[in-house]
Every structure is written in structure tokens, then in C-alpha cells.
Amino acid sequence: MTGMEWATQRGLGALAERMGIVLTEFSIERSVATMPVEGNTQPVGLLHGGAYVVLGESLGSMAANLHAGPGKLAVGVDINATHTRSATSGIVTGVCTPIHLGRSMAVHEIVVSDDQGRRCSTIRITNMIKPLPQK
């Protein structure tokens, strides 16, 4: 099963769907998703900072879970974002790449850019990898 097939089967979750996040590429080495600015803005018309973080966490957590493999669960333990530009319209694109892929921890960087390819936000997420809880 490819990474994209795995992600499609698993889904991104209700919040990502509500925000219009669409996964376009997905593998352990690189994951990409888009999100519309419209509907995800703060009162003054800028893309909400939290929306950047939702996009980043969606990509980073999914990528960490793909890396973790069967019988394991990756859960976020730290996330931070630096917003360097404001998107006001169009679509933003998040590109997620691994910084560290270990047995117990995965760290990813997500760069979010606007339609013109300008970096708007840089997000780093750390996920702890643990055994999948028994039901």
C-alpha cells in the first residue's frame, strides 16, 4: 500500500475536512496538502495563525504515524509556529519533511506558502511514538 493510499484510507479527521485541507502527496519523505484561505480567516481577513498550525499538525502527525508503522501510534508532544507573512486570499500549501525519524520520536518541519510561493509560516512538530493502546 502506498503512503497516499494509507492516508486516504485513514482520513485527515473532521477538523481538517471542515477547514478544507486536501492531501495531494503523502510519503514518509514528503507530504503536501493545500488549504483555502477563505473560511479560515481571523476578523481582519488574514489567514488565522491557528489555521496554519492545524495544517502543519495534520501533515506532521499523519507523516509520523506512517513512519511509526503498524501497531504503533504517534502522538504530538510539541508544536511551534513562526508566521512570517499573512495570506489573505487563495490557497496555501504545506510541505512537510522529516527532521528526525527515530524509534520513539519523529520531528517534522512544515513550510506553508501562499499562491505566489512566498513562505507564510514555518511549523515544527514533535511526535512521540508508542505502542498502540490495547482495546
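**Group meeting: cores and sheet of a predicted model**

Of the 27 residues in the largest nonpolar core, the ones touching the most other members are Ile21, Phe26, Met35, Leu47, Leu55 and Val92. Bear in mind that this is a predicted model.

Which elements supply this core? At least two residues each come from α1, β1, β2, α3, β4, β5 and β6. Helix α3 gives the largest share, 8 residues.

Take isoleucine 21 from that list. Setting aside neighbours within four places in sequence, Ile21 is in contact with Leu12, Ala16, Ala33, Thr34, Met35, Val54, Leu55 and Ser58. Met35 and Leu55 are also among the core residues that touch the most other members.

There is a second, separate core of 5 residues, including Ala64, Ala68, Ala106 and Ile129. As general background, nonpolar side chains in soluble globular proteins tend to be buried together.

Now the sheet. It is open, with 6 strands in the order β1-β2-β4-β5-β6-β3 and antiparallel pairing. The edge strands, each pairing on one side only, are β1 at 22–26 and β3 at 72–83. On average, neighbouring strands are turned by 20° against each other, direction ignored.

Threonine 34 stands opposite threonine 93 in β4.

Next, the helices. Helix α1, residues 3–10, packs on the sheet and touches β1 and β3, with its direction at about 150° to that of β1. Helix α3, residues 49–68, lies across β1, β2, β3, β4, β5 and β6, and runs at about 40° to β6.

Conventions. Residues numbered from 1 in each chain as written. Predicted model: local features only at pLDDT ≥ 70, side-chain atom pairs only at ≥ 80, totals over all residues. Heavy atoms only, no water. Pairing = 2+ DSSP bridges. Helix = DSSP H or I, 4+ residues; strand = E, 2+ residues; numbered from the N terminus. Axes fitted to C-alpha atoms, helices over the stretch in contact; angles between N-to-C directions. Contact = heavy atoms within 4.5 Å. Core = buried A, V, L, I, M, F, W, Y, C linked by side-chain atoms within 4.5 Å. Buried < 20%, exposed > 50% of the residue type's maximum accessible area, 1.4 Å probe, protein only.
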